[in-house]
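Me: Please take me through the structure below by question and answer. Give the cut-offs as the terms come up.

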Amino acid sequence: MAHGGGEAIKGDESGVHGPVAVIGAGLTGASWAGLLAAAGLEVRLQDVDAGRLEAAVERAAAAAGFLAGSGLASMAAAQHGIELLTATEDLSAAVAGVRHVQECVREDLALKRLVFAAIAKTAPPDALICTSSSGLSISDIQTAAARPERCLAAHPYNPPHLVPLVELAPGALTAPEALERAFTFYAAVGKEPVKLTRDIPGYLANRLSAALWREAVDLVLRGVATVEDVDKAVSCGPGLRWAAMGPHLLYDLGGGAEGIVGHVEHLATVKEGMLRDLATWTEFPPETGPALDAGLTEEKGARTYDELVAERDALLVAYLRARRDQPA
């Protein structure tokens, strides 16, 4: 498994027999392809843009190699997956005979409906069709596909080959069995799947992130702190704890022997005072972009995009390895 340093997954364990398809060769699609290749699977990467497809194959192979080189995937499995990685502009060829399809085209409902319909025409009738969409409703997408009960949302967190989370959300027509099969598959390739009971905007993590970011933006716009200090307050404070445990469990620990009940009782007045002062706007103020850009220019300094990505990924790898090696 990619994040556990284990061996390539096997058909009976993962629910996958044969190749998997990744449709859409942008950053998300390339990252997904790299993760799946690192697990030793045969991955077919598809896109209508030949140039984008060629670049994505290189990024996917690099991602798989990075996982193996970082000790987060079996070197033998990753090398096998890289050798099997193929690219095609033909969607029908990409999905023929697969049991799992990861759709990663741009966030456009009409386009995703067209793609789901096309996938469903050629993929085997029992193939799972999963969208990586972070904001569109799977209930609106799945009705375009034959047998919509096999369609669901499988939303990753950027970059998918490194961040373990994948959020599984059923559409109104999704069969429970499809959700269970997806859970088994993603766990087998090294992801940490969470299941929602229904389709809601932003799933879990994006909703939580949006709530935090609104407050982070508001603190900058109100002049309470700089962009850099707000970022530092998160990454050097609660962010460290959140990487270890979620907010409910952390606050339960914060209540000592009395747990969450004691925490709420003792700190209710303080917490409610904060809640009353939090930002509540639902449209970004017009000065948001320029204000954040100015602050980020100072925070980034001379570091380039590639350098910042490398810094982020190195820290993620260090955390994932520490997490993997933590005694049970």
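Reply: Buried means under 20% relative accessible area, exposed means over 50%, and partly exposed lies in between (1.4 Å probe, protein chains only). This is a predicted model, in which local features need pLDDT of at least 70 and side-chain atom pairs count only at pLDDT 80 or more, while totals for chains, interfaces and linings use all residues. Residues are numbered from 1 along each chain as its sequence is written, and side-chain values use heavy atoms, with hydrogens and water left out.

Me: Is Tyr-203 buried or exposed?
Reply: Tyr-203 sits in the loop between strand S8 (192-195) and helix H9 (205-221); helices (H or I, at least four residues) and strands (E, at least two) are DSSP runs numbered from the N terminus. Its phi is positive, about 55 degrees, although Tyr-203 is not a glycine. Because its relative accessible area is 1%, Tyr-203 is buried.

Me: How is Arg-147 classed by its relative accessible area?
Reply: Arg-147 also has a positive phi without being a glycine, near 55 degrees. Its loop runs between helix H7 (138-142) and S6. With a relative accessible area of 43%, Arg-147 is partly exposed.

Me: Which residue's backbone oxygen lies 2.6 Å from a polar atom of the side chain of Thr-174?
Reply: Thr-174 lies in the loop between strand S7 (165-170) and helix H8 (176-188), and it counts as buried because its relative accessibility is 12%. Its contacts (heavy atoms within 4.5 Å) include Pro-148, Glu-149 and Leu-152, leaving aside residues up to four places away in sequence. Its side chain makes a polar contact of 3.1 Å with that of Gln-142, where a polar contact is a pair of N or O atoms within 3.5 Å, one able to donate a hydrogen and the other to accept it within protein, and residues adjacent in sequence count only if both atoms are side-chain atoms. The backbone oxygen at 2.6 Å from a polar atom of the Thr-174 side chain belongs to Cys-151.

Me: What distance does H8 reach from its first C-alpha to its last?
Reply: H8 has 13 residues, and its expected span is 1.5 Å times one less than that number of residues. Among its buried residues are Leu-179, Phe-185 and Tyr-186. Just after H8, Gly-190 takes a positive phi of about 100 degrees. Against an expected 18 Å, to which it is close, H8 reaches 19 Å.

Me: What is omega for the peptide bond from Asn-158 to Pro-159?
Reply: Pro-159 is in the loop between strand S6 (151-156) and S7. The bond from Asn-158 to Pro-159 is cis, with omega near -5 degrees.

Me: Which residue forms a salt bridge with Lys-195?
Reply: A salt bridge is a side-chain nitrogen of Lys or Arg within 4 Å of a carboxyl oxygen of Asp or Glu, and the structure holds 14 of them. In the bridge of Lys-195, the closest N and O atoms are 2.8 Å apart. The pair links distant parts of the chain, strand S8 and helix H8, 15 residues apart. The partner of Lys-195 is Glu-180.

Me: How many residues apart are Arg-323 and Glu-192?
Reply: The side chains of Arg-323 and Glu-192 meet in a salt bridge of 3.4 Å, N to O. Arg-323 is in helix H15 (residues 305-325) and Glu-192 in strand S8, so the pair links distant parts of the chain, with a relative accessible area of 40% for Arg-323. The two residues are separated in the chain by 131 residues.

Me: What is the relative accessibility of Asp-218?
Reply: The side chain of Asp-218 forms a salt bridge with that of Arg-222 at 3.5 Å, N to O. Arg-222 counts as partly exposed because its relative accessibility is 44%. Asp-218 counts as buried, at 11%.

Me: Which helix gives the most to the nonpolar patch?
Reply: Patches are made of residues with over 30% relative accessible area and no salt bridge, like charges being joined within 9 Å and nonpolar side chains (Val, Leu, Ile, Met, Phe, Trp, Tyr) within 5 Å. Here Tyr-251, Ile-260, Val-261 and Val-264 form a nonpolar surface patch with about 340 Å² of accessible area together, by the Shrake-Rupley method with a 1.4 Å probe, where only the protein chains shown count as cover for residues. Val-261 is exposed because its relative accessible area is 53%. With three residues (the helix spans 259-277), the most comes from H13.
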